Structure formats: C-alpha cells, structure tokens
Amino acid sequence: MFVTGHGPFPSYLHRFSLRTHDNCSCEGKGDPMHYVTRCKFTLSWHFQTPTVSLKLQWLKNILTNNLSRTRLRLLMRFIGDENNLIVEDNN
C-alpha cells in the first residue's frame, strides 16, 4: 500500500470522492510520503526524507530491509486503526 499509494491515505480516497480533501489533520498532503517522513502523528515510524534524485533507491532500500518493512507494516496498521485521528473530514 505504501509504494502504490493505495489504501487509507487521504490523497487516494480523495481521488474517488470518498473524502472532501486530500490533507492530513496536520495540514500536510495526506500521501504515503507525508506519513512516513513528515506527519506529526506518525513520528515513531519516520524515515529520513530522501532527495528527489535518490527516491527510487531509497524505496528499494526500505523494501529490502527487514526492519524497515516491519516499521512500514506498523505504520500502515496505525494509519488503518487511527484513521479518524489522522484524516480530518467534514463529511
């Protein structure tokens, strides 16, 4: 879900009109990179922000590292469980 952007992310849900906007509750864009690098609600799972030129290699490194994959799974579980906390919606 993280790599494809499919899932409980406001940016994904907004594309299908399931949310009124694509922002996180902390006012950042609610896409996977936001939650893994900048969101104040997911600080425990943050990774260092990659440079644009190294983003593909950064993703490969995360996906091949067991500890990083575990952190991503925990982050995705948190986002799914606490969706009402991280996704502010007026619907």
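Predicted model: local features only at pLDDT ≥ 70, side-chain atom pairs only at ≥ 80, totals over all residues.
Local features need pLDDT of at least 70 and side-chain atom pairs count only at pLDDT 80 or more, while totals for chains, interfaces and linings use all residues. Residues are numbered from 1 along each chain as its sequence is written, and side-chain values use heavy atoms, with hydrogens and water left out.

**Overall fold**

The protein chain has five helices and zero strands. Its pattern along the sequence is α-α-α-α-α. Helices (H or I, at least four residues) and strands (E, at least two) are DSSP runs, numbered from the N terminus.

The C-alpha atoms fill a box of roughly 40 × 25 × 20 Å along the principal axes.

Of the 91 residues, 42% are buried. Buried means under 20% relative accessible area (1.4 Å probe, protein chains only). The chain exposes about 5,700 Å², and carbon and sulfur atoms supply 53% of it. Accessible areas come from the Shrake-Rupley method with a 1.4 Å probe.

Contact means heavy atoms within 4.5 Å. Among contacts between residues at least 6 apart in sequence, 44% join residues at least 24 apart.

**Aromatic pairs**

The whole structure holds five aromatic pairs. Rings of Phe, Tyr and Trp (its six-membered ring) pair if their centres lie within 6.5 Å; planes under 30 degrees apart count as stacked, over 60 as edge-to-face and the rest as tilted. W45 and F78 form a tilted pair, because their ring centres are 4.9 Å apart and their planes stand at 35°. This pair links distant parts of the chain, 33 residues apart: W45 sits in the loop between α2 (32–37) and α3 (55–64), F78 in helix α4 (residues 66–81).

F2, F47 and W58 form one aromatic cluster. R71 lies over the face of F47, 4.0 Å from the ring centre. For such a charge, NZ of Lys or CZ of Arg is within 6 Å of the ring centre and within 35 degrees of the ring normal.

**A buried histidine**

H34 belongs to helix α2. Leaving out residues up to four places away in sequence, H34 touches C24, C26, G28, K29 and C39.

| Residue | Relative accessible area | Class |
|---|---|---|
| H34 | 3% | buried |
| W45 | 17% | buried |
| F78 | 18% | buried |

Key
Buried < 20%, exposed > 50% of the residue type's maximum accessible area, 1.4 Å probe, protein only.
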